[in-house]
Amino acid sequence: MMRVTNSMIVKRSKTNINANRANVDYTNNQMATQKKIVKPSDNPIIAIRALRLRSTLSTITQYYQNNIPDTEAWMECTETALTNMKGILKDAYEQTVYGATDELNTENRQTIQKALQALQEQIYSEGNADYAGRTIFTGYKTNQKLTFTDGNDAKNAHYNITERFSYQDITQKKYYKGEFDDTSKLPDTANTLDIPVFDEQTLNRLRLSYDNISPDGNALQISYKDAADQTVNISLSNDGTLNFGDCKISVNAADGTPTVSAGYFLSPQPGTGAASYKIYSNDNMKIDTSLTPPAPFNPPVPDDPAATVGDFNVNGKDTDGDGNLDQFSLGASLGGQDISYRVSDTATLKQEGYAIADNEIVFDAESGELIFGDKIKTALESNRASFQFQYDKQGFDTGELRPEYYFDCEKYVVDRDETIKYENYDQNGQWMTQAIYYNIAGGQQMQINTEAREVFDSNIRRDIDDLLEIVQTAISAQDAVDSIESKIKNGGYAEGSAELKNLNQWLDVAKKQRDYANQNMHDTYSSYITKFQGYMDKVSLENTDLGGRGERVTLTKNRMSVQQSTFKELKSLNEDMDLSDLVINYTAASVAYQAALQSSAKVGQMTLLNFI
């Protein structure tokens, strides 16, 4: 048996007292923090689990308290803007319904005109809606407005724009010749030859998104599939050149001699003289070296006559009336239909009576329209053609759409003498989306934005332009009739006088002009009822899509709420202690400590003498 000395008992008692005191300190710390552990070494398993639970809870809290509320707020702003936009479109729709009514007087039409002008000014204003300073419809460029809002900025803005169309975008429009609205000088002359020959004709057009475009620096590219299913790109430019892909053709305007770019050669077509040519690549060249003299007197011929780069014609004009052709231009061939291109303006076209040749595509730079007849339309539709039109536009109106949100374009920065390039289509001609996504849950993203082009159609403002032009034509035509009738009634002209006869002839023309204008207003407004209904349906569809996304956000929010509560409970079960348990543990530790002190005190009082 080991001998236990008094000093050994005292030493062990001190050790036990210290252990009890440490236990009291530990339980006291638990009482203060209400946590199971104070430091990781107290219980590594609890510590590791706590880190995992806290990290997960922090992530869930970020989704639930920050990302999801931001998503909901952005979508609510979008929904409000779409609702307002639909209201504006509904007002425009109602004006088209009203304008299609036959029984309208000048005052009614002026009311329509004022209403449409007000709508045109605000039609895209909802596109500038923002959330927390970020514009919600402008894709990634949330620091910029959708429209021009500053007058000076709009006036000085300069872009080179490329618009894309398909043959399905071709529409018809009625144009007038012999149109007049100024009757103030009647009847200064009794010459009946001064009476205009009024008539209307229906032509086809591709309408650009803007008007008042620079007549220079524009080019029309037509793309289609040939018989070999190869894509052919024809580019007609206002500088008189013609391009087939990278092959450029020019013509001497004085004698009609064509020139082709390096790497290609021309083959005049038999039976057509020098007016029609086929283009071949030098890779397809064959020269008969057995003949003399050599080229160019022995011209190359194609090794494969079917492998053409393209066909074109040289068109001649007699500009001075001497019977000789003295002005030559280029024209492409599309499915056997010759196509030429020229630039004009509204005043010139009106003066010409919109006399557009069968093979002409005329660009009215003032109105922003490509105008052509039925033969070209048929050729374009039968070849399922698509188009790209590149042009310069300097100076915009306040409220007009900024081109960078809709088209491939370059913005000229005047003060820095450089350009900023915006690309919205990929090399296959597909729109490159600028969808903004928020993480609203683990592994779950939600698109929060709606892009402008999905709801704010660039044609809406131009459609209102058409409606305003048509109602103004009807108003002016009625005013002309009223003015002439007033002159006849109040002029005091003798019965059978030349002046009265002339005025009656003018009145007949004015009435014909009025009847055409009224019928055109009725027809156009009736057809635009469907267009504006389509715009409203488009906004409704986007609103429905937005609502569907909102519902998914709400479901995710509910799930995040449940997960947050669950992980808070798990975190508490892992880390926290029940207060009653803490009190019991602390009381037990304190009692044990006091008992240890008392027993140690008694042990310390005993000496060797107590055992003698």
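K377 is a buried residue (under 20% relative accessible area, where over 50% is exposed and anything in between is partly exposed, with a 1.4 Å probe and protein chains only), yet K377 has no salt bridge. A salt bridge is a side-chain nitrogen of Lys or Arg within 4 Å of a carboxyl oxygen of Asp or Glu. The nearest side chain of opposite charge to K377 is E381, 4.0 Å away. In this account Lys and Arg count as positive and Asp and Glu as negative, while His and the chain ends are not counted. The model is predicted, and local features need pLDDT of at least 70, side-chain atom pairs count only at pLDDT 80 or more, and totals for chains, interfaces and linings use all residues. Residues are numbered from 1 along each chain as its sequence is written, and side-chain values use heavy atoms, with hydrogens and water left out.

K377 belongs to helix α6, residues 374–382. Helices (H or I, at least four residues) and strands (E, at least two) are DSSP runs numbered from the N terminus. When neighbours within four places in sequence are left aside, K377 is in contact with I170, Q172, N204 and F372; contact means heavy atoms within 4.5 Å.

F363 lies in strand β18, residues 360–364. Its relative accessibility is 0%, so F363 counts as buried. Beyond its neighbours within four places in sequence, F363 has contacts that include L208, I213, Y341, V343, L370 and F389. The C-alpha atoms of F363 and P215 are separated by 8.4 Å, although the two residues are 148 residues apart along the chain.

Side chains of opposite charge can pair when their charged atoms come close. The count of salt bridges comes to 22. One of them joins D457 and K538, with the closest N and O atoms 3.7 Å apart. This pair links distant parts of the chain, as D457 is in the loop between β24 (444–447) and α7 (459–490), and K538 is in helix α8 (residues 498–575), 81 residues away. D457 is buried, with a relative accessible area of 16%, whereas K538 is partly exposed at 28%.

D463 and K531 form a salt bridge with an N to O distance of 3.0 Å. D463 lies in helix α7 and K531 in helix α8, so the pair ties together parts that are 68 residues apart in sequence. D463 is buried at 0% relative accessibility, and K531 is partly exposed, with a relative accessible area of 30%. Both residues belong to a network of salt bridges that also links K173, R205, R207, E369, D466 and E469.

D465 is partly exposed, with a relative accessible area of 22%, and R462 is buried at 6%.

For the chain as a whole, the secondary structure comes to 9 helices and 24 strands. The C-alpha trace spans about 165 × 90 × 45 Å along its principal axes. Of the 612 residues, 42% count as buried. Among contacts with a separation of 6 or more, 68% are between residues 24 or more positions apart.
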